[in-house]
Amino acid sequence: MKKTPNQMLIIFGASGDLTSRKLIPAIYNLFKGGHLSKNFCVLGVSRSNMTDEEFRTKAILESPFLQKENSKEDPQTMQAFAEQFHYQDLGNDYDHSYDLLANRIASLNEQHGTSGNYIFYLSTPPSLYEVIAKNLSEAGLSKEKDGFRRLIVEKPFGYDLESAKTLNDALHHYFDEKQVYRIDHYLGKETVQNLLVTRFSNSIFEPLWNRRYIHHVEITNAETVGVEKRGGYYDKSGALRDMFQSHLLQIVSLLVMEPPISSDAEEIRDEKVKALKSLRIMKSDEEIVKNTLRGQYVKTEIDGKTVKGYREEEGVNPESTTETYAAIKFFVDNWRWKGVPFYVRTGKAMPTKVTEAVIHFKTPHHEVFMSQDAYRKDNKLIIRIQPDEGILIKFGVKVPGLGFHVEQANMEFYYSDLESAQVMDAYERLLLDAMQGDTTLYARADEVEAAWRFVDPILKCWENNPAVNTYGYSVGTWGPRNSDELIEDSFGWRNPGDLLTDETGFCILC
């Protein structure tokens with residue numbers, strides 16, 4: 001097993017929710033799996049006043065996210081893991097005390113033998129990215145004179161194209177592009193990565209992966225929960241910024257991209273950028289209104305109980321038109337995909353939690369069994385990203401008996417069926433890649449800007465054009481009925497699980 005190089009992980013925002021809920025459990029699993037070098041340590045940095053021991057106790061020994069694992073391990077194992085963690089208080093903000101931080105890093109580097117290799121993980125609001133990068137640079141912590149320096153930043157990376165460019169320029173002033181790792185946890189999911197293998201290592205798929213054989217492509221991201229306690233943030237963001245611009249366009253780029261020359265990280269990222277640049281940008285409001293739809297879940301009666309709508313959520317404007325559901329139809333302007341419609345939707349408060357990409361193949365040109373209704377259903381390749389990660393193929397088979405009665409059959413594979421395989425959590429995978437210096441699953445600056453360039457006109461139209469409605473949908477349904485109008489020229493949305501009847505579809509803009 002190849003271990004990571006000697007290194008130190010410095011986490012800004014170490015007392016926050018992301019660190020305790022995702023990062024430390026991921027580090028623990030990498031530690032338990034034997035992936036980390038013996039010369040490894042973590043320095044937590046935030047504005048809370050804690051000692052090393054207090055940080056270890058809170059973040060590890062008493063962490064509710066590690067209690068389950070803690071009960072399985074002997075105290076010595078957990079203590080050994082905890083002793084790799086240290087803490088540094090930055091005072092009242094993230095704009096001071098970097099000389100003290102630099103001295104602490106140098107001391108821990110000598111103590112743990114981390115070879116001057118540092119990863120700075122910014123688990124903070126995006127407004128602090130430039131501030132932290134600037135101070136790290138001024139403290140001499142960005143120069144790779146005696147080891148590597150890497151900067152991991154969380155999404156959202158920008159609020160629109162202009163802010164994304166501004167942030168890229170700001171970070172490039174203090175760190176080189178090759179040092180910046182923009183994390184998108186969706187790319188850490190095993191099935192997202194498997195898109196590349198499914199396409200480029202199987203001769204039964206790649207020759208068919210074009211406009212000659214594919215009728216349309218559909219991507220669905222559905223969550224059963226509403227915005228919960230994120231109302232204040234979400235009301236300024238919405239589904240288009242929160243999910244589509246980042247996670248879902250990453251999936252689109254992997255489906256659309258041309259074969260890279262090799263599996264080298266930059267070769268793959270080059271093709272992803274080309275794919276995003278080939279998306280047809282909607283330039284007129286008329287085109288955007290015709291090909292997009294936004295919705296918002298509303299107060300609903302379910303089994304005699306009232307479930308509150310988006311506008312009743314904490315931190316949300318009672319007259320908000322922010323979308324919790326977005327559906328978009330678009331095209332890709334290149335030879336491979338010319339004329340093939342792509343349909344992407346994302347929504348909260350839906351019947352089931354699922355993310356999947358569906359490739360709908362065209363029906364045969366000569367339909368021998370065209371009288372059979374079941375056969376008229378298209379062949380599908382379904383790539384399930386979450387949950388129950390796996391791949392499903394739907395195809396027609398003859399029903400036993402006289403005559404040619406055709407029904408659809410399934411051929412499926414689930415990662416859970418591989419007893420010997422351990423599927424890493426997304427943050428485990430991405431942290432390990434950053435530690436190894438593998439940028440394949442991280443977004444590059446031009447990739448981020450290409451995604452924003454496609455989304456920006458839609459956002460501006462939605463925010464400024466009074467002709468754009470926000471349609472209501474009941475909690476526990478697949479969004480406004482109006483969304484079927486986007487996909488009416490094909491076979492309709494594929495709705496995994498039980499479909500509840502939605503009696504809404506009314507405009508709630510007013």
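Here is a short chat about the predicted model shown above.

Reader: Before we start, what do I need to know about the numbers, and what pLDDT do local features need?
Author: Residues are numbered from 1 along each chain as its sequence is written, and side-chain values use heavy atoms, with hydrogens and water left out. The model is predicted, totals for chains, interfaces and linings use all residues, side-chain atom pairs count only at pLDDT 80 or more, and local features need pLDDT of at least 70.

Reader: Okay, what share of the protein's residues count as buried?
Author: Buried means under 20% relative accessible area, exposed over 50%, and partly exposed in between, with a 1.4 Å probe and protein chains only. The protein has 14 helices and 17 strands, where helices (H or I, at least four residues) and strands (E, at least two) are DSSP runs numbered from the N terminus. Of its 510 residues, the buried share is 54%.

Reader: Which residues does Phe244 contact, leaving aside neighbours within four places in sequence?
Author: Contact here means heavy atoms within 4.5 Å. With those neighbours set aside, the list for Phe244 is Ala239, Leu249, Ile328, Phe330, Val344, Phe454 and Val455.

Reader: How many aromatic pairs are there, and how are the planes of Phe244 and Phe454 arranged?
Author: Rings of Phe, Tyr and Trp (its six-membered ring) pair if their centres lie within 6.5 Å; planes under 30 degrees apart count as stacked, over 60 as edge-to-face and the rest as tilted. The whole structure holds 18 such pairs. For Phe244 and Phe454 the centres are 6.3 Å apart and the planes sit at 35 degrees, so the pair is tilted.

Reader: How far apart in sequence are the parts that this Phe244 and Phe454 pair ties together?
Author: Both Phe244 and Phe454 are buried. Phe244 lies in H10 and Phe454 in helix H14 (residues 445–464), so the parts tied together are separated in sequence by 210 residues.

Reader: And what about Tyr297 and Tyr473, what kind of pair is that?
Author: Tyr297 sits in strand E8 (residues 292–298) and Tyr473 in strand E17 (residues 470–474), 176 residues apart. Both are buried. Their ring centres are 6.5 Å apart with planes at 65 degrees, so the pair is edge-to-face.

Reader: What arc do the buried residues of H5 cover?
Author: The buried ones are Tyr98, Leu101, Ala102, Ile105, Leu108, Asn109 and His112. The arc is taken from the directions from the helix axis to the C-beta atoms. They lie on the same side of H5 because their arc is only 130 degrees.

Reader: Last one: how does Glu83 count, and at what relative accessibility?
Author: Glu83 lies in the loop between helix H4 (75–82) and E3. Not counting residues up to four places away in sequence, Glu83 touches Arg56 and His112. Glu83 counts as partly exposed because its relative accessibility is 43%.
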